[in-house]
Amino acid sequence: MALSKEERKELLALFADLRVADVRDGMDWLMQHHQGSMTPDIRPLWRTRAVGIARTARYLPYKGTIPTMTPEEYTQWSGWYYNNVCTYPWIDAIEEGDFCVIDQSGVNAGLMGSNNTMDGVLKGAVGYVSNGGVRDTDEIILQKIPFWSKMVSQGMVQGRLQFDAYDIPVVVGGVLVHPGDIVVADGDGVIVVPQAIAKEVSIYAHQELRNDKISRRKKYEALGLELDETVLLNE
């Protein structure tokens, strides 16, 4: 179901301060124990967190052949490939608060890198997750772009990937993701909450987060630790 701007803001606000662990608990409270959590091989490039609304895209292994070319011919072919085979139309569709979920068919290629990840951020993307590879990772970390992936890759997309579709259901990290689902990611990985149960999940996720903060604050005080945002209630 397509969301209005107001509905998007409301959902994002409900999950803004929740950790992946809290959301996992919220899902469990609704008997969704084996749903939503991406497989542990989907890992962050760097320790960060992001919360957004799923914007999906799918790429397939390249089905054509790579012709024999001179380096000069390859330069021309490479440009043609980007414009006709491995295109990125979903980037133009990104809205503020989108979390880009990319089914890359497990291909070891750098579909996203230090340059085009910024294109998405400029459009309003809050993070990316892919079941394939990402490259230019030192620069992506330097640019502080949240990114979770199955692997780090060296190769470009030419001869490796071709665009298939966007704004469709995709499977990433063993999870079926629909456009408009809620995506929460941090150092514990990535979890996806179906839009239909997102509000209810958030209730129990906040319940567990509150209980955790209260308990941990007492231990902070007993240990003489300086209080931080992870133990302070937003009240």
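Guide: On a 1 Å grid over the protein atoms alone, a pocket is an open set of points with protein on both sides within 12 Å along at least five of seven lines. In this predicted model, the second largest pocket holds about 210 Å³ of space, a volume being the space filled by probe spheres (1.4 Å) set on the points.

Visitor: What makes a residue part of the lining of the second largest pocket?

Guide: A lining residue has an atom within 4 Å of a point. The second largest pocket has 13 of them, with A2, L3, R8, E95 and G180 nearest its centre. Strand β2 (residues 50-61) supplies the largest share, 3 residues; a strand is a DSSP run of E, at least two residues long.

Visitor: And how much space lies in the largest pocket?

Guide: About 350 Å³. Of its 14 lining residues, D17, R19, R49, E229 and T230 are the closest to the centre. Helix α7 (residues 198-223) gives the most to this lining, 3 residues; a helix is a DSSP run of H or I with at least four residues.

Visitor: Which residues of α5 are called buried?

Guide: In α5 (residues 116-123), N116, T117 and G120 are; buried means under 20% relative accessible area with a 1.4 Å probe, protein chains only. They share one side of α5 because they cover an arc of only 115° around the axis, taken from the directions to the C-beta atoms.

Visitor: How was this all set up?

Guide: Residues are numbered from 1 along each chain as its sequence is written. Local features need pLDDT of at least 70, side-chain atom pairs count only at pLDDT 80 or more, totals for chains, interfaces and linings use all residues, and side-chain values use heavy atoms, leaving out hydrogens and water.

How values were computed
Buried means under 20% relative accessible area, exposed over 50%, partly exposed in between (1.4 Å probe, protein chains only).
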